[in-house]
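Me: I would like to go through this structure and ask what stands behind each label. Please set the values against the definitions.

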Amino acid sequence: QVQLVESGGGLVQPGGSLRLSCAASGRIFSIDAMGWYRQTPGKQRELVAVITSSSSTNYVDSVKGRFTISRDNAKNMVYLQMSSLKPEDTAVYYCNANVRRTQLGRAMGYWGQGTQVTVSS
C-alpha cells in the first residue's frame with residue numbers, strides 16, 4: 001500500500017513564507033508526476049503545481065513567481081516552497097503522487113490527507 005503524508009502547514013501572515021513537505025511510503029517502484037492541489041470550502045479542488053519525474057514543472061497562474069515545487073527522488077518526497085503568501089492562498093493543501101508499484105505496471109494516483117494553510121493578519 002502507498003501512503004502520502006503532508007506536513008508544514010500552519011498560520012502565517014500575509015507576505016510570509018511556508019514550506020510544505022509530502023513523504024510517500026509503502027510499495028513504490030518509482031513515482032512519475034507529483035503535485036500539490038488546494039481546496040477551499042465551497043470550491044472544487046484545484047491544481048497548484050506539478051512536477052514530473054524529470055523535474056519539469058507547471059504552476060497555476062495565481063502562484064507563478066511565488067511558489068516553487070521540487071522533489072527528492074531518493075527520498076520519495078515532494079515540496080512546495082511558498083513565499084509572498086496572500087489571504088487567497090488560504091486552503092487545505094493536498095499532495096498527489098502517481099506511483100508505479102512495479103516496473104511494468106501503470107502509475108496510480110494517490111492522495112495525502114491534506115494540511116491546512118491559513119494566511120491572515
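Reply: Strands here are DSSP runs of E with at least two residues, numbered from the N terminus. By that numbering, Ser55 sits in the loop between β5 and β6 (57-59). The model is predicted.

Me: What makes Ser55 partly exposed?

Reply: Buried means under 20% relative accessible area, exposed means over 50%, and partly exposed is in between. Ser55 has a relative accessible area of 44%, so Ser55 is partly exposed. Its phi is positive, about 75°, although Ser55 is not a glycine.

Me: Which label does Asn76 get, and why?

Reply: Asn76 has 23% relative accessibility, so Asn76 counts as partly exposed. The residue is in the loop between β7 and β8. Asn76 is not a glycine either, yet has a positive phi of about 55°.

Me: How many helices and strands are in the chain?

Reply: The chain has zero helices and eleven strands. Read along the sequence, the pattern is β-β-β-β-β-β-β-β-β-β-β.

Me: How do you know what the radius of gyration of the chain says about a compact globule?

Reply: For 121 residues, a compact globule would have a radius of gyration near 14 Å. The chain has 14 Å, so the value agrees with the rule. Along its principal axes, the C-alpha trace spans about 50 × 25 × 25 Å. Of the 121 residues, 36% count as buried.

Me: Why is the pair Cys22 and Cys95 called a disulfide?

Reply: A disulfide needs two cysteine sulfur atoms within 2.5 Å. The sulfur atoms of Cys22 and Cys95 are 2.1 Å apart, and the two residues form a disulfide. A search of the whole structure finds one disulfide. Cys22 lies in strand β3 (residues 18-26) and Cys95 in strand β9, so the pair ties together parts that are 73 residues apart in sequence.

Me: Is this disulfide left-handed or right-handed, and what makes it so?

Reply: The torsion about the S-S bond of Cys22 and Cys95 is about -80°, so the disulfide is left-handed.

Me: Are Cys22 and Cys95 buried or exposed?

Reply: The limit for buried is under 20%. Cys22 has 0% relative accessibility and therefore counts as buried. Cys95 also has 0%, so Cys95 counts as buried.

Me: What makes a set of residues a nonpolar core?

Reply: The members must be buried residues of the kinds Ala, Val, Leu, Ile, Met, Phe, Trp, Tyr or Cys, joined through side-chain atoms within 4.5 Å. In this chain the largest such core has 30 residues, and those with the most contacts inside it are Trp36, Leu80, Met82 and Tyr93. Several strands supply at least two residues each, among them β1 (2-7), β7 (67-72) and β11 (115-119). Strand β9 gives the most to this core, with five residues. As for Met82, leaving out residues up to four places away in sequence, its contacts include Leu18, Leu20, Phe67, Tyr93 and Val117.

Me: Why does Arg38 count as buried?

Reply: Arg38 has a relative accessible area of 6%, so Arg38 is buried. Arg38 lies in strand β4 (residues 30-39).

Me: What joins the side chains of Arg38 and Tyr93?

Reply: A polar contact requires a pair of N or O atoms within 3.5 Å. The side chains of Arg38 and Tyr93 are joined by one of 2.9 Å. Beyond four places in sequence, Arg38 is also in contact with other residues, including Glu46, Phe67, Glu88 and Asp89.

Me: What makes Met108 partly exposed?

Reply: Met108 has a relative accessible area of 34%, so Met108 is partly exposed. Met108 is found in strand β10 (residues 108-111). Apart from neighbours within four places in sequence, Met108 is in contact with Ala97, Asn98 and Val99. The C-alpha atoms of Met108 and Ala97 are separated by 8.0 Å.

Note on methods:
Residues numbered from 1 in each chain as written. Predicted model: local features only at pLDDT ≥ 70, side-chain atom pairs only at ≥ 80, totals over all residues. Heavy atoms only, no water. Helix = DSSP H or I, 4+ residues; strand = E, 2+ residues; numbered from the N terminus. Buried < 20%, exposed > 50% of the residue type's maximum accessible area, 1.4 Å probe, protein only. Polar contact = N/O pair within 3.5 Å; in protein donor to acceptor, adjacent residues only side chain to side chain. Contact = heavy atoms within 4.5 Å. Rg over C-alpha atoms; globule rule 2.2 N^0.38 Å.
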